[in-house]
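Subject: Structure for you to look at

Hello,

Here is the structure I said I would hand over.

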Amino acid sequence: MFPVRSFALLLCGSGLLLTSCGGDARSARTSERMVNLRTVKSGPAIQAAELNGAIARKPRNAALYARRAAFEVEAGNQTEALRDINRAIELDDDAPGEYFLIKARALRGQGRLQAAIEAAAQAQQRGYNPPELHLLLGETNLAARRFDLAVDYLDRVLRDNPENSSALFYKGLAYSALRDTAQALEFLRASALRAPRQPEVLHQLAYLLNASRQPQEAALYIERGLKIDPAHASLWYDRGRVFDYAGQPDSAARHYARAAQLDSTLYRADYRLGLYHYKAKRFRDAIRPLSRAKRRSQFLPDIGLMVADSHEQIGQNVPAWVAYRQLVRQFPGNKHYTFKIWKIGGRIEPILLDSLRQLYGAPPVPRRAPSSLRPSFEPLEAKEPTLLTPR
């Protein structure tokens, strides 16, 4: 498992489901306790709890707080980790750099990127410069979109250990953000070779291969990932894209629906599902996924137009008016959207229309009706995908 949590890399620990064969109450209670072990993140939370007694006996021992903070970071309890590591730094007038690395990791876990970078800098000022620190700085600068600086830190990690799969993965993401697809694919493939059972690595590689119009190769990584984690929503989305490129939109839509069901924040799956229904003129079915996608990203291709047009096509004039009014604000001067507001406004009761204008603002009056504007859809290549898992 990668030692640093990133904006793209969410790795799941595995738990043991143990059952009891005994029929008496004592064995039932034992079984219940054993099942509850699934909530423990493979040890760190227990190790942190075991230090409670030692800290109670020695409440001014900075090293004990630092150890518990390290375990809390691993267990994902970042607030508790910060409390402990700050206490350790307060108790130790000459706190070592290791303490500040723990603090940086906890801050990164909370998404406080600049604070994490500053804590890492304090570790360096104390002469503490291990590869783990460079990896943290590389990933955190990547999350902060400082891509060149991220690559510099990741190169330092790879100079010490060229086989570090985490550094290879993050470097691949950095080159992808820099739009150097060839380099990105090279490092992501290298990471997947060294960490073959990390679904997120396989997803990122498949996503980039799909974006590069290489769905055949993407399908191989998708199948491997779904065998490891059948509930990985992004891999289901990637699989839908492979079917799209193969000219099988019905199969693609089923995969997008599955991805959206597994992860409600995966707006690209909602967008593709809504696009599928919109193309098929099933406007009522298109509205819900398109609206969910629009709430998360206003800049998906033609997303606002499809939402507005879908409402209009099924006679929902008020939502259509509101959607077109939002488009006018987003794209001021667009004659088509202005005309649509004027046209649809004629179908709404005057009192209600006045209320809408007071709430959303009165749009400009169109000078003349423009030619009809329809969404533009990207062409898809028809290639049979290589898929191994059951459809």
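Please keep in mind that this is a predicted model. The protein has 20 helices and zero strands. Of its 391 residues, 47% count as buried. The protein exposes about 20,600 Å², and carbon and sulfur atoms supply 50% of that area. Among contacts between residues at least 6 apart in sequence, 57% join residues at least 24 apart.

The pair formed by helix 13 and helix 14:

Helix 13 covers residues 233–245 and helix 14 covers residues 249–262. Their axes lie 8 Å apart, at an angle of about 170°. Angles over 145 degrees count as roughly antiparallel, so helix 13 and helix 14 are roughly antiparallel to each other. The crossing is left-handed.

Helix 3 (residues 62–75) packs against helix 5 (residues 97–109) at an angle of about 30°, with the axes 10 Å apart. Angles under 35 degrees count as roughly parallel, so helix 3 and helix 5 are roughly parallel to each other. Helix 3 also passes helix 5 in a left-handed crossing. Helix 3 contributes A62, A63, A66, A69, A70, V73 and E74, while helix 5 contributes Y99, I102, R105 and A106. The residues of this contact divide into nine nonpolar, no polar and two charged.

Regards

Definitions and conventions
Residues numbered from 1 in each chain as written. Predicted model: local features only at pLDDT ≥ 70, side-chain atom pairs only at ≥ 80, totals over all residues. Heavy atoms only, no water. Helix = DSSP H or I, 4+ residues; strand = E, 2+ residues; numbered from the N terminus. Buried < 20%, exposed > 50% of the residue type's maximum accessible area, 1.4 Å probe, protein only. Contact = heavy atoms within 4.5 Å. Areas by Shrake-Rupley, 256 points an atom, 1.4 Å probe, with all protein chains shown as cover. Axes fitted to C-alpha atoms, helices over the stretch in contact; angles between N-to-C directions. Parallel < 35°, antiparallel > 145°, perpendicular 65-115°, else oblique. Left-handed = near helix turned anticlockwise from the far one by under 90°. Nonpolar A, V, L, I, M, F, W, Y, C, P; charged D, E, K, R; others polar.
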